[in-house]
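Grab a pencil and work through these exercises with the structure open beside you. Try each task before you read its solution.

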Amino acid sequence: MGLYIETRVRADLETLWERTQEPDRHQRWDLRFTEIGYLPRAEGEPQHFRYATRVLPFLVVAGTGVSAGERHRAGGDRVSALRFASPHPLSLLAEGSGYWRYVPTPDGIRFLTGYDYRPRWGRLGRLADRLVFRPLMGWATAWSFDRLRLWCERGITPERSRNRWLLELLARVLLVAVPWTATSLPLGFVSLAAVPLTVLGLAAAVLVPPSSRVPAARRCLRTPPARTREPRLLATLEPARTPEPPLLAALEQS
């Protein structure tokens, strides 16, 4: 798979499963989605769902997917697989697939994901994906996983951890901005003290580790420890359905 993220969650398996499989809980911690909802299904069929991401206040990118999970496997682990697609012309992500694994260990649960997707917009889209979008998606997934870990381990709600992260980010920006503005002279001249103080502020902003109560992507493993195979469950899923125009319009207005 193109992207791999892993974290270790010291919580019970049922709690982790519910907070990742129930749409109303999933959308609270996952930075990649604004809204997730299940679509009606017949008994025994895979679960179809719809998702939406608010990219800008006036722009919502929507799509659909299909997922299936296995809760009872040999060894006590669990797996969930999905396929997804977005017909929105402004969505760089055209279609993709991925999985979640839940592996109990004596030191907690290894919660990991592997996923990949096909970008649209031809050669330009592939370049934008390689340079910007794919690294951003990897960071957002890892940050979200650590946000979920804090919720499961410490009871810090996703909303509270987001607010703490924003405050810490503001503090890091001020570490750079305040020395520069405070030591600059009128008429745009810079004092001799401005540069070293700003460099020290920048070093502190980058090197000081994040608070243990704030989500951080750096805490997650981003490279698989060994060759990882896709679960066989993924091969049983049909391609994600493309939303009908009325459904897409309803998603974009939500």
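The protein has 254 residues, and 43% of them count as buried, where buried means under 20% relative accessible area, exposed over 50% and partly exposed in between (1.4 Å probe, protein chains only). You're looking at a predicted model, in which local features need pLDDT of at least 70, side-chain atom pairs count only at pLDDT 80 or more, and totals for chains, interfaces and linings use all residues. Residues are numbered from 1 along each chain as its sequence is written, and side-chain values use heavy atoms, with hydrogens and water left out.

**Exercise 1. Find how many helices and strands the protein has, and write their order.**

Step 1: Count the elements, using DSSP runs numbered from the N terminus (helices: H or I, at least four residues; strands: E, at least two).

Step 2: Walk along the sequence. The pattern reads β-α-α-β-β-β-β-β-β-α-α-α-α-α.

**Exercise 2. Work out which residues of α1 are buried.**

Step 1: Start with the count: seven of the nine residues of α1 are buried, so this helix is mostly covered.

Step 2: Name them. They are Leu13, Thr15, Leu16, Trp17, Arg19, Thr20 and Gln21.

Step 3: Check the start of α1. There, a side-chain oxygen of Asp12 comes to within 3.3 Å of the backbone nitrogen of Glu14.

**Exercise 3. Describe the lining of the second largest pocket.**

Step 1: On a 1 Å grid over the protein atoms alone, a pocket is an open set of points where a 1.4 Å probe fits, with protein on both sides within 12 Å along at least five of seven lines; lining residues have an atom within 4 Å of a point.

Step 2: Note the volume, about 370 Å³. Of the 15 lining residues, Gln21, Arg41, Gln47, Ala68 and Gly69 are the closest to the centre.

Step 3: Ask where the lining comes from. Both α1 (13-21) and β4 (59-70) supply at least two residues each.

Step 4: Sort by class: four nonpolar, six polar and five charged.

How values were computed: Grid points are joined across faces, edges and corners, and a volume is the space filled by probe spheres set on the points. Ala, Val, Leu, Ile, Met, Phe, Trp, Tyr, Cys and Pro count as nonpolar, Asp, Glu, Lys and Arg as charged, and the others, Gly among them, as polar. A polar contact is a pair of N or O atoms within 3.5 Å; within protein, one must be able to donate a hydrogen and the other to accept it, and residues adjacent in sequence count only if both atoms are side-chain atoms.
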